[in-house]
Amino acid sequence: MSLIDLRSDTVTRPTAAMRAAMAAAEVGDDQYGEDPTTNALQRRCAELLGKEAAIWLPSGTMANQVALRVLTRPGDEVVAARECHAAWHEAGGSAANAGVQIVEVGSGGVFDVDELDAAIKPSGLPVFPPTTLLQIENTHNRAGGVVVPQAVVERVCARARERGLKTYLDGARLWNAAVASGRPEAELAAPFDLVGVAFSKGLGAPGGSLLAGPRALIAAADRHRRMLGGAMRQNGIFAAAALHALDRHRERLAEDHHHARRLGEALAGCPGVELDLATVQTNIVVFRLAPGAPDAATLVARARERGVLIVAFGPRTVRAVTHLDVSAAQAEQAAVVLRELLGA
């Protein structure tokens, strides 16, 4: 049985053309700054994101953790959207690696100026941790891949600067946000001190993420990357995959968004599903199972038996993600299977 894998956009396999690019990559020792393909990727992404410099890292989690170590000190507090990746999906790394605590605000992946103001701890009271960083995740994974409106981003980041906070964009899926919003990545990244992006999600590369920002912050990020064991050697093999993906896989993200929308529309019509279609903006569909429907673990198990792989995001919450390795026909078939399992 051929499986339709909707667990994540990280499950993609390199295309034949990407493998060829990786095999042909010119390489050197990246710890000495001598890997030409990695250097080319860093220059290209710095330009794409409108920043002075950039540095490659093995994973999005490490990019987020390094950003925290660069922009905060142990004991600081970070304001982020509710159910953000840094708080929910990084194995407690924010506390263990950076020594910070995260205050989650807002709903649906978004918060505004008043919620930021309410979350910032009063200064001058020694019992409170200092609030030093604002973090935004765009697109927001657990909210269903929603794109944070740029007007909101600009307002919140402007207030953060007024209040003396640094700003970080967890843009692991920023490529999706750019395609969905019609805004270039540099515009989406402009309000932030540092921005992180991933190559292993929507772009389909086998690994790698990147931080971009001012040269001084990127130099600090390089030190923390080394401390965490993330500095590589002949890294051009990974960088070649990322460059190939930037050239060939960015525009096609609109196809993934279309497939997710069709899947979302099919599921929204099921009596056992609670899904606000306004949240289906990119390649992620997160839906709740209504009372009377199977719980998430049961639905995941039954779907697997029918050849469809999805993920339980909670006792009654499920996520499905479209990507490079899911065709329109496969997305339609997954919708048929899930509707049948949910009694529609």
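Predicted model: local features only at pLDDT ≥ 70, side-chain atom pairs only at ≥ 80, totals over all residues.
Local features need pLDDT of at least 70 and side-chain atom pairs count only at pLDDT 80 or more, while totals for chains, interfaces and linings use all residues. Residues are numbered from 1 along each chain as its sequence is written, and side-chain values use heavy atoms, with hydrogens and water left out.

**Annotation and Lys201**

An unreviewed UniProt entry assigns residues 5-288 to "domain: Aromatic amino acid beta-eliminating lyase/threonine aldolase". UniProt positions follow the numbering used here, feature names are shortened, and annotations may be inferred rather than shown by experiment. The span is 42% helix and 16% strand, and its end C-alpha atoms lie 19 Å apart. Helices (H or I, at least four residues) and strands (E, at least two) are DSSP runs, numbered from the N terminus.

The unreviewed UniProt entry also places "modified residue: N6-(pyridoxal phosphate)lysine" at Lys201. Lys201 sits in the loop between β7 (194-198) and β8 (209-213). Lys201 counts as buried because its relative accessibility is 13%; buried means under 20% relative accessible area, exposed over 50%, and partly exposed in between (1.4 Å probe, protein chains only). Beyond its neighbours within four places in sequence, Lys201 is in contact (heavy atoms within 4.5 Å) with Asp9, Thr10, Ala172 and Arg173.

**Helix α3**

Helix α3 (residues 60-71) has 12 residues, and at 1.5 Å a residue they should span 16 Å, which agrees with the 16 Å between its end C-alpha atoms. The expected span is 1.5 Å times one less than the number of residues. In α3, 11 of the 12 residues are buried, among them Gly60, Asn64 and Arg69.

In strand β5 (residues 131-137), 7 of 7 residues are buried.

β5, helix α7 (residues 150-162) and β6 form a right-handed β-α-β unit: with the strands pointing away from the viewer, the path from the first strand over the helix to the second runs clockwise.

**Cysteines**

The whole structure contains 0 disulfides, a disulfide being a pair of cysteine sulfur atoms within 2.5 Å. For Cys84, the nearest cysteine sulfur is that of Cys157, 15 Å away, too far for a bond. Cys84 is buried at 1% relative accessible area, and Cys157 is buried at 0%.
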